[in-house]
Amino acid sequence: MAKYAFRLNGRAVSAESWDPAQPLLYVLRGPFSLHGTKFGCGLGQCGACTVLMDGKAVRSCTTPISRAAGHAITTIEGLTTNDTPHKVQAAFVAEQAAQCGYCTSGMIMTAAAFLSATPSPTIEQAKAGLAGNLCRCGTHTRILRAVVRASKA
Amino acid sequence: MASVMFSRRDLLKAGGAVVVSFAFGGSLPRHLDAQTPATGKPLDPSEVDAFLAFHADGTVTVYTGKVDVGTGFRIAVAQMAAEELGIPAQRITVVDGDTGVCPDQGGTGGSTGLTRGGADVRQAAATARQALLGLGAARLNRPANDLTIAGGEVRPTAGGTGVSIAELVGERRFSLKVDAKAPLRDPRQYSVVGQPLPRPDVPAKCSGRHTYVHDFTLPGMLHARVIRTAAIGATLQSVDESSIRGIPDVRLVRIENFLALVGKDEWSVVKAAGALKTTWSEGRPLPGSDGLDRWTRTAAIDRDQTVVNRGDATAAIGSAATTVSATYFWPFQSHASLGPCCAVADVKGDAATVWSSSQGTHGLRANLSKVFGLSVDKVRVVFLDGAGSYGTNGGDHVAADAVLLSKTVGQPVRVQWSRQDETGWDPKGPQQLLDIRAGVDAGGRIVGWDTQMWLPNQTGGARALLAAEASGISQEHGTGAGAITQNGDPPYQADNVRVMVHWTKEVPLQLSNLRAPGKIANVFAVESFTDELAAAAGVDAVSFRLDRLTDPRAIEAIRRTAQAFNWQPRKSPNPRTGEGGVFEGRGIAYMRYKQAENYVAIAMDVAVRPATGRIEVRRVVCAHDCGLIVNPDALKNQVEGCIVQTLSRALHEEVTFDRTRVTSVDWASYPILRFPEAPQVDVILIDRPDQPLLGAGEAATAPVAAALANAVFDATGVRLRTVPFTQERVKAALAVDRKSTAVL
């Protein structure tokens, strides 16, 4: 089995896989037991599996492990440092911007990457920034408020 | 690759003398705080101990058979219990939906979470309060009447030294019957109920550490994917095992037409499921979703049912000065849960433990035990959060998949459906066709109103589980979709009213309760039609409604909405072009949920782009009265969600199917609302501490589609009567309208 080395939440790690096409999602949830990253569609349509690769938001369900190799991956668990939530996580909690919460990890990861590139977004920019992430519960208004709140934190 | 083939006979013969052990604690992270051992814990809802466990550290566990599906139910129940018990809500942990420790309070549906689930807990807590006051009286040597409970202490009302509940009770049980007459706290004195306390699940949902059923694992657990039939009702003709030869450690399990792949590595299983070549027979023919409204009207009728009949609507309409009629259609829709459903089952001999996000774990337990021939006492269903389900999605089916597979392979099995399975195979909210006719007299009085509904037949019994169907296990074939005929009559003054249902024999797709079952479409029809009456009379839509209502709560809901919206009285339509050639308009709709519960009025501003047919919802205002409010922030979250989700359903959603199978199976073929379409939503909560509380997870969905259609009509003069209001449909309607009536 081939071995793939990469950085995961700040640590150097490696994972074995029989299949270079194995999506990163299954590596994170399986051997690393990082369950915060969710399977939503496996098609890159919903954003529930979003993680950061070198600081950019990517869909872990369509990112093969072979492509992740050599890169720095950050998951929702890695966004929290020393038990201190990231400003986006804190803003989501403050706005109570979740219902079922299944989309929340991917939403927060997308928002974190978006705010790195666009630190002071308008509401319209925030909407466009989150356009690739689906929320079925209809928590959109709170999520947008949380993104704006985080941008001011 | 090893292949295991079982016959149905083998399966039913399987089973032995292994007694399942319900380990309490270690394997259930959310339940670590629960101190009461699983075995022997009272489950009888007539017992206080069924609902409450007191602990020596001053904390309390509340057990409830209702579940929190992202609604804030847990914090609301904790607040209701805290208020009666006089302890801070933060000291209460809620354990929900575990059939091993939680009383059966019926499924979590019909907005009964708080009205039944919360109310039962509250009464148990009120009973416990009286007992605690009694214990405190003995300990403090003072009459119970002089005592109160606050801050987790029984203490003299006039002040002085008290004694903590923990000291009084420790870990002991009450062994008390719930006293239906135990006095409840006076709402005017409430200090916990009514507060916007944050939900306990949100921080972990934002850190990625909340355990969903999808994240639950057991030692030795296998992953599985089920290969669903190519066409509904098809039989499996052949399986080409060589098609997955290169994939390591995957086993094929076949039981008649039930086909699954099982293995230790989830990706291997997923990859094999995608690669496996199978051939299937033709299935049961379906009518197809194209022209489903016409099919529904001409389908064979099983029976007619009159659900509302006041006076003689037919005669009144026949002799009215003016008659108006219109037809509305709502298509099949999917729960479309964001995470495909998942379950873990551990079947050992004649006993099974199932981890599931089912909204009705007790009901699921009963059905699983019946279908798989297990004694109900030997089946435990443990609720874990899932992706929002909004009714019965694929969650019960996937639990059956997991039980069948665990039973077959003798190991714990986790099954998560694919996206295509979830959107394609979740039982659906039914199609609804409505004709409405009304007669109006010269003074504008509605003298007769007649609603005719065509709906797929509702028969009793449990919904057939896909796994049992495919593997040839006999079972019930209920076709229930919930109370889908409610709100078919107008909430307004009308002299003669009839609502009649024509139940069609054929049920095209498996049915299920989907959020606010039936009522969204019924209110869409009734409130669109009301708007048509107002427009025909040349009367402002708000005035038209207010003139025909007497209930002060209804009037206040509409008034508060109109006021916050800055509604200017005028007749509709009022086509006017805004910036960039878009048409702008506003609409309103009102309803009382089930004609007996919440009062909700919704107004919205829309813009319609004639070139593309795109509708933009800019602002939504909603006044919402559900009686006593338990947690205003959690409530607002629900109301906002109801509004945005129903906008998605009205704008985009339609299950498509051809002659054999569902063809809308992912987010491209079953699109839902995305962020760029998210409107501003302003919710006005009308708190009525003197009124009974009502559930609020559904009601605000019901007026959304009508308010939207009414706003589009106001903007364009075009009346949309078929959901969804896709760009193509709107564009076509605008084009037709231009040619025929030149309204624009």
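Trainee: Which residue of β21(B) stands opposite B:Trp454?
Mentor: It is B:His502. This is a predicted model, in which local features need pLDDT of at least 70 and side-chain atom pairs count only at pLDDT 80 or more, while totals for chains, interfaces and linings use all residues. Residues are numbered from 1 along each chain as its sequence is written, and chains are lettered from A and ligands numbered from 1 in the order in which they are written.

Trainee: What makes strand β20 (residues 446-456) of chain B and β21(B) a pair?
Mentor: Two strands pair if DSSP finds at least two bridges between them. β20(B) and β21(B) have 9 bridges, in the parallel sense, and therefore meet that definition. Strands here are DSSP runs of E with at least two residues, and helices are runs of H or I with at least four, numbered from the N terminus.

Trainee: In which sense does strand β13 (residues 301-310) of chain B run relative to β21(B), parallel or antiparallel?
Mentor: The two are antiparallel, joined by 8 bridges, with B:Val308 opposite B:Val499 of β21(B).

Trainee: Why is β21 (residues 496-504) of chain B called largely enclosed?
Mentor: A residue is buried if 20 or more other C-beta atoms lie within 10 Å of its own, exposed if 12 or fewer, and partly exposed in between, with C-beta atoms placed from the backbone. In β21(B), 7 of the 9 residues are buried, so the rest of the structure largely encloses this strand.

Trainee: How many residues of strand β4 (residues 92-96) of chain B are buried?
Mentor: The count is 5 of the 5, so β4(B) is also largely enclosed. B:Ile92, B:Val94 and B:Asp96 point one way, B:Thr93 and B:Val95 the other, and all are buried. In a regular strand, side chains alternate between the two faces of the sheet.

Trainee: What joins strand β3 (residues 60-64) of chain B to β4(B)?
Mentor: There are 5 bridges between these parallel strands, and B:Thr64 stands opposite B:Asp96. The chain passes from β3(B) through helix α3 (residues 73-85) of chain B to β4(B) in a right-handed β-α-β crossover. The term right-handed applies if, with the strands pointing away from the viewer, the path from the first strand over the helix to the second runs clockwise.

Trainee: What makes B:Asp249 partly exposed?
Mentor: B:Asp249 has 15 C-beta neighbours inside 10 Å, so it falls in the partly exposed class. This residue lies in the loop between β9 (236-240) and β10 (250-255) of chain B.

Trainee: With which residues is B:Asp249 in contact, leaving aside its neighbours within four places in sequence?
Mentor: They are B:Gly263, B:Lys264, B:Asp265 and B:Ser268. Contact requires C-beta atoms, placed from the backbone, to lie within 7 Å. B:Asp249 and B:Asp265 are 16 residues apart in sequence, and their C-alpha atoms are 7.7 Å apart.

Trainee: Is A:Gly70 buried or exposed?
Mentor: A:Gly70 has 11 other C-beta atoms within 10 Å and is therefore exposed. Its place is in the loop between α2 (65-68) and β5 (72-74) of chain A. A:Tyr4 is 66 residues away in sequence, at 7.8 Å from C-alpha to C-alpha.

Trainee: How do you know that the span of helix α17 (residues 632-651) of chain B agrees with expectation?
Mentor: The expected span is 1.5 Å times one less than the number of residues. For the 20 residues of α17(B) that gives 28 Å, and the end C-alpha atoms are 28 Å apart, which agrees. Of these residues, 18 are buried, and the helix is mostly covered.

Trainee: What span does helix α11 (residues 395-409) of chain B reach?
Mentor: Its 15 residues reach 21 Å from first to last C-alpha, close to the expected 21 Å. Since 14 of the 15 are buried, α11(B) is largely enclosed. Just after α11(B), B:Gly410 takes a positive phi of about 75 degrees.

Trainee: Why are β2 (11-17) and β4 (56-59) of chain A said to stand at the edges?
Mentor: The open sheet of chain A has 5 strands in the order β2-β1-β5-β3-β4, with mixed pairing. β2(A) and β4(A) each have a single partner strand, so one side of each is left without a neighbour in the sheet. Strand β3 (residues 50-53) of chain A pairs with β4(A) in the antiparallel sense over 4 bridges, and A:Thr50 has A:Arg59 as its bridge partner.

How values were computed: Contact = placed C-beta atoms within 7 Å.
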